[in-house]
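Please keep the sequence and the three-dimensional view at hand while reading.

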Amino acid sequence: MEILLQLIASGVAVGMIYAAIAFGYQLTFATSKTLNFGQGEALALGALFGLTLVPFVGYWLMIPLVLVFGFTLGAVVERLGVRPAVKIKSEYGWIMATIALGIIFKNVAENVWGRDDLKFPSPLPETALQIGGVRILPMELLIVAGALLMMLAVEIFNRKSIWGKAVVATSNDIDAAGLMGINTQKVITLSYSISAMTAAFAGVLVAPVTLTGATMGSVLALKAFAVAIIGGLESGLGVIVGGLILGVAETLTGFYISTGYKDVPGLILLLVVLSIRPVGLFGKAVIKKV
């Protein structure tokens, strides 16, 4: 039982990273029905940028600077990759554009920081804590708390601020929001900025428990996309539940079966959800009138 609880605790930490990245997918899809397929590179650049800053300002002061960096990066992606495609009503142009920008960002990271993985210093002790028979790294607790606080902060922003309410209105009906005087283009840019900011923040959360490099976000972003599909691309609760399901399933499979098969349960679940409920576990089916 202790081993099972240990595996679940580790899976929750992994799952919350997936959820944080998937939350970024959910933000952009809700406002523009587009996705940033360079989320993994935003995560890696955030971690590498943070690694550069840590020796000068420390881990905690580095975080707001990384948030600003991620926010700016998201605006660049929307302006260069998404807006031109949406403007000409291209259904697939934004897909290739965001993938292309992701490749460019990865190449930039490799040339600036090198191809070798780097060690990110942990701000917390690396000795595991004993909680009810379960050994948990302090950094794993920070990952869970940080991801939840980040998503809660975005939710409060959406509910309480004028710009946040504009994001919600645009998500509900972009045409109606535009008729009400909301600058929907700026709202879409804002959603991309917040999306990349969450990815960059996830990067500095996960970096101390893994190695930091230009390719560190590729697999994480792919799994986060699966989480977004499983939970529902328009559901914040769905990405959290989907992340927890996938994270726990991976750790249990890796221990009880084989690490070589730890990715299989998530893919099977993805296929099952797509075949039974394509909008995701918490998604809402919408009937469009044509």
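A crossing of two helices is called right-handed if the near helix is turned clockwise from the far one by less than a right angle, and left-handed if the turn is anticlockwise. The model considered here is a predicted one.

## Contact of α2 with α8

The crossing in which α2 passes α8 is right-handed. The axes of these two helices come within 7 Å, and the angle at which they cross is roughly 135 degrees. Because angles over 145 degrees count as roughly antiparallel and 65 to 115 as roughly perpendicular, α2 is oblique to α8.

On the α2 side, the contact involves Gln39, Gly40, Glu41, Leu43, Ala44 and Ala47, which meet Met216, Gly217, Ser218, Leu220 and Ala221 of α8. Sorted by class, the residues of this contact are six nonpolar, four polar and one charged.

## Contact of α2 with α3

Helix α3 spans residues 93-113, and its axis comes within 9 Å of that of α2, with a crossing angle of roughly 150 degrees. The two helices are therefore roughly antiparallel to each other. Their crossing, too, is right-handed.

From α2, the contact is made by Glu41, Leu45, Leu48, Phe49, Thr52, Leu73, Val77, Leu80, Gly81, Val82 and Ala85. The residues contributed by α3 are Gly93, Trp94, Ala97, Thr98, Leu101, Gly102, Phe105, Lys106, Ala109 and Trp113. The contact divides into 14 nonpolar, five polar and two charged residues. Glu41 of α2 is listed both in the contact with α8 and in the contact with α3.

## The largest pocket

Which residues lie nearest the centre of the largest pocket? They are Phe29, Ala30, Lys33, Ser171 and Glu234, from a lining of 47 residues. The elements that give two or more residues to this lining are α1 (2-32), α2 (39-87), α4 (138-160), α5 (162-172), α6 (174-179) and α9 (236-256). The largest share, seven residues, is that of α1.

The space in this pocket amounts to about 1600 Å³. Its lining comprises 23 nonpolar, 14 polar and 10 charged residues.

## The second largest pocket

The second largest pocket holds about 520 Å³ of space. Its lining has 22 residues, and those nearest its centre are Val14, Tyr18, Val206, Thr210 and Leu220. Two or more lining residues come from each of α1, α4, α8 (216-231) and α9. Here α1 gives five residues, the largest share of the lining.

By class, 11 residues of this lining are nonpolar, six are polar and five are charged. Leu220 links two parts of this report: it is among the residues nearest the centre of the second largest pocket, and Leu220 in α8 also takes part in the contact with α2.

Note on methods: Residues are numbered from 1 along each chain as its sequence is written. This is a predicted model: local features need pLDDT of at least 70, side-chain atom pairs count only at pLDDT 80 or more; totals for chains, interfaces and linings use all residues. Side-chain values use heavy atoms; hydrogens and water are left out. On a 1 Å grid over the protein atoms alone, a cavity is a set of points where a 1.4 Å probe fits but cannot get out, and a pocket is an open set with protein on both sides within 12 Å along at least five of seven lines; lining residues have an atom within 4 Å of a point. Grid points are joined across faces, edges and corners, and a volume is the space filled by probe spheres set on the points. Helices (H or I, at least four residues) and strands (E, at least two) are DSSP runs, numbered from the N terminus. Ala, Val, Leu, Ile, Met, Phe, Trp, Tyr, Cys and Pro count as nonpolar, Asp, Glu, Lys and Arg as charged, and the others, Gly among them, as polar. Axes are lines fitted to C-alpha atoms, for helices over the stretch in contact, and angles run from 0 to 180 degrees between N-to-C directions. Angles under 35 degrees count as roughly parallel, over 145 as roughly antiparallel, 65 to 115 as roughly perpendicular and the rest as oblique. Contact means heavy atoms within 4.5 Å.
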